[in-house]
Amino acid sequence: MLSADAEAARRAAKLAKVEYEELPAILDIRSALAAQSFVIPTQTLRRGSPTEAMAEAPHRLKGSLELGGQEHFYLEGHIAAAVPGEDGAMLVYSSTQHPTEVQHKVAESLGLHANAVTVQCRRMGGGFGGKESQPALFACVAAILATKTGKAVKMRVDRDADMIMTGKRHDYVSDYEVGFDDHGRIQSLRVMIASRCGYSADLSAPVNDRTICHLDNGYYLENVEIVSHRCKTHTVSNTAFRGFGGPQGMVVIENIVDEIAATLGLDPLDVRRANYYGTGNENEGRNVTHYGQPVEDNILDAITDQLEASSDYRARRKAIDAFNAQSPVVKRGLALTPVKFGISFNATIYNQAGALVHIYTDGTVLVNHGGTEMGQGLYTKVAQVVATELGLPMDRVRVSTTDTSKVPNTSATAASSGSDLNGKAAQAAAVTLRERLVAYACERYQLDARDVRLENGKVLLGTETKEFEAFVREVYAARISLSSTGYYRTPKIHWDRATLTGRPFFYFSYGVACSEVAVDTLSGETRLVQVDILHDVGTSLNPALDIGQIEGGFLQGAGWLTSEELWWNGRGELKTHAPSTYKIPTARDWPLKATVKLVENMPNREDTIYRSKAVGEPPLMLGISVLQAIRDAVGSVAKANGMKTLPPLVAPATPESVLRAIESCKAKSK
Ligand code: MTE
Ligand code: MOS
């Protein structure tokens, strides 16, 4: 019945006739640059003396990179339901990473105050950044229609409409010049990087700021100039996507490093290592980022050593060279690339969170926190924290729906900081409760706090043991509150948006991936043959969830850079708006040989929740190793044709893109 109604609604919507005049449009980045069409002002970051250092560098090269966008392809599309309440109040169920923003937008669209609008989200069927700013549109339409009709209204778009209407990962172009020494160490770098923001700013300012902050990836850039243009085009407004602009900056530097290696005839891994940040304890320094934050927790050398050995990188490099020398059509490629990713929202204000924890008199616990669940396992991690603090088994702790009326003024669940922020807030609430329970026990049983312990659903009171629920009933009878809020704000961080300097990140997460690909040089098709990953999550809160995030993130990153192609026609219409034409990776794209390991015995040196590290976004950038491996395979064709440079490879490296790169090697050799 319901689906028949939704179909009828869709058919009715199609009957609407929209009349408009076609005006000249700016559709791509180069056209926007030519027309100086920007949605927000250009930002420039300069450190050291890039011009002088460039002139003095023994080697120089110039290049360009084109990098495509990405559709989020959350399995559940955008959806919202609005239910009118008393006195004009509105309850909205929304598939959103940002219930508070939906609350504000719905209130604005209805002319209500925030206290009249409640937004709830039990879980999303995936968000990936696509439900940070975009859900408000659907929630507001549902709420306006619910107000007009006085009835509950559900708003759900189908896949094609969702893909056409909503913002995606920003695509970028970049032009650069780099100066380097005989070891491939970068002495100066000048980069122009421009993104397609679409017709309004949306989250483009922070996304592009993060691109600037991640253009270094793991590499020390002593003299550097980054000019970041935020292009206005007549296409949909682009938005957050896992990595939030960081991956795009990192692909630029990874491509530059590979070009340096090709020019000098060095192994790209050696050039990477020559450019790694220093560890900070040496006199040579080399450990302050271009935005002024010291890198105090650098573990890249250690984990690169480990992966280089466990993946047998050097021997495989030799074997691949030998294979390529005798294989005319299929070429293999190998790349071991690092990830360094800053954790915290760049904008300091968002790095705060709240929680609300209740203990009921049957000994069960209900946790509410400001984070949302989208498949990353945040609810499980927060429940684990509360269970640990109260010494309870997991089945006693339930996490309730995220609800703006329970925890107010929340930040989006984004920037990978969900468990860092909400885990700490929930811990604070649980500790307050535990301290109340312990204080009661000390007074009632004349015990020292040391002799009271909460463990395995029991309370140890000196020599006596009570069930948690019996004890809690006593505490209730003594008229002591069994409910508490908790609050957390990230320490140490600050950021000046105007000068692009500060310490925006509490710490960095690291990882390394080694990918091997096979490329068919006649068809341009590629296959990921093997991947070995070593990823840093500090002390893992939940290894199963963390491994899941690493595998999923890696494959989503590889998909972005190899097969997921967004294609607009000359009128600015997106033509790849369904899985038939937009190819996300599937289970069959997972390589037959794969190892995914967590870095062991390296707790976070900062005081995060149980010394863990954020894991949501960083693994996506492990996928860059796949693009660089394809470039390595293309490079073997270039080398065989006597070229001393790497031809450009447009990402995504679809068969067409790979073939174009290969053809350009052959053309040059003639
Ligand atoms: N994992 C799943 N399964 N689904 C998602 O939508 N979103 C990613 C990442 N992992 C996502 C995911 C993004 S973009 C972010 S910012 C983080 O999860 C958000 O959650 P966290 O902060 O709790 O890690
Ligand atoms: Mo993630 S892009 O910060 O939602």
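Hi everyone, and thanks for coming. Please keep in mind that what we have here is a predicted model.

Let's start with the helices. Helix α8, residues 246–264, packs with helix α16, residues 624–640, at an angle of about 30 degrees, and their axes are 11 Å apart. Angles under 35 degrees count as roughly parallel, so α8 is roughly parallel to α16. The crossing of α8 past α16 is right-handed. Which residues make the contact? From α8 we have Pro 247, Met 250, Val 251, Glu 254, Asn 255, Asp 258 and Glu 259, and from α16 there are Ile 624, Leu 627, Gln 628 and Arg 631. Sorted by class, this contact of α8 with α16 holds five nonpolar, two polar and four charged residues.

Now over to the ligand. There are 18 residues around ligand 1, and those that come nearest are Gly 127, Phe 128, Met 374, Gly 418 and Gln 549. As for polar atoms, Arg 242 has a polar side-chain atom 3.3 Å from a nitrogen atom of ligand 1. The backbone takes part in such pairs too: a polar backbone atom of Gly 375 is 3.4 Å from a nitrogen atom of the ligand, and one of Ser 416 is 3.4 Å from an oxygen atom of ligand 1.

Ala 651 and Pro 652 are joined by a cis peptide bond, with omega about 5 degrees.

Terms used:
Residues numbered from 1 in each chain as written. Chains lettered and ligands numbered in written order. Predicted model: local features only at pLDDT ≥ 70, side-chain atom pairs only at ≥ 80, totals over all residues. Heavy atoms only, no water. Axes fitted to C-alpha atoms, helices over the stretch in contact; angles between N-to-C directions. Helix = DSSP H or I, 4+ residues; strand = E, 2+ residues; numbered from the N terminus. Parallel < 35°, antiparallel > 145°, perpendicular 65-115°, else oblique. Left-handed = near helix turned anticlockwise from the far one by under 90°. Contact = heavy atoms within 4.5 Å. Nonpolar A, V, L, I, M, F, W, Y, C, P; charged D, E, K, R; others polar. Near = heavy atom within 4 Å. Polar contact = N/O pair within 3.5 Å; in protein donor to acceptor, adjacent residues only side chain to side chain.
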